[in-house]
Amino acid sequence: MSPEDLAAVTARVRSVSDRIQPLLDPHPGLARRNAHAHVWLGLKVIFGDDWRERTSPASVMAFLEWIDAHPNADYEEYAGPREQLTPGERGELF
């Protein structure tokens, strides 16, 4: 993912997190839910630890739109795109 795409994702995570913070249901064992951690964890769960290098920006943005609309849903309920970048798009040599 290019630095510009990553900056756009980061900005969108921030805006989604700020919007859903008051909407998050209580969670056992947590005094207060952290929306920023919730969204970043969702990205890792859905796309893997190396999502920054392997996932298309459009797929990440689609997930962020979904979590914005479904802040309390389980990550596994996400049925949207999970498009991976090709090796060429990742900047890898063939």
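Is serine 56 buried or exposed, and at what relative accessibility?

Author: Serine 56 counts as buried because its relative accessibility is 4%; buried means under 20% relative accessible area, exposed over 50%, and partly exposed in between, with a 1.4 Å probe and protein chains only. This is a predicted model in which local features need pLDDT of at least 70 and side-chain atom pairs count only at pLDDT 80 or more, while totals for chains, interfaces and linings use all residues. Residues are numbered from 1 along each chain as its sequence is written, and side-chain values use heavy atoms, with hydrogens and water left out.

Serine 56 sits in the loop between helix H3 (51-54) and H4. Helices (H or I, at least four residues) and strands (E, at least two) are DSSP runs, numbered from the N terminus. Leaving out residues up to four places away in sequence, serine 56 touches Met1, Glu83 and Leu85, where contact means heavy atoms within 4.5 Å.

Helix H4 also holds alanine 58. Alanine 58 is exposed, because its relative accessible area is 55%. Between the C-alpha atoms of alanine 58 and arginine 82 there are 9.0 Å in space and 24 residues in sequence.

Now the setting. The protein has four helices and zero strands, and its elements run α-α-α-α from the N terminus on. The C-alpha trace spans about 50 × 25 × 20 Å along its principal axes. Of the 94 residues, 31% count as buried. Among contacts with a separation of 6 or more, 58% come from residues 24 or more positions apart.

The largest nonpolar core has 19 residues, and those touching the most other members are Val39, Leu43, Phe47, Val60, Phe63, Leu64 and Ile67. Such a core is a set of buried Ala, Val, Leu, Ile, Met, Phe, Trp, Tyr and Cys residues joined through side-chain atoms within 4.5 Å. At least two residues of this core come from each of helix H1 (3-20), helix H2 (35-47) and helix H4 (57-69). Isoleucine 67 is in contact with Val16, Ile20, His38, Val39 and Tyr75, its neighbours within four places in sequence aside.

Leucine 41 is placed in helix H2. Leucine 41 counts as partly exposed because its relative accessibility is 44%.

From aspartate 74 to glycine 42, 32 residues apart along the chain, the C-alpha separation is 9.0 Å. Aspartate 74 is also one of the residues lining the largest pocket, whose lining includes His38 and Tyr75 as well. A pocket here is an open set of points on a 1 Å grid over the protein atoms alone, where a 1.4 Å probe fits, with protein on both sides within 12 Å along at least five of seven lines; lining residues have an atom within 4 Å of a point. The lining divides into four nonpolar, three polar and four charged residues.

Methods. Ala, Val, Leu, Ile, Met, Phe, Trp, Tyr, Cys and Pro count as nonpolar, Asp, Glu, Lys and Arg as charged, and the others, Gly among them, as polar.
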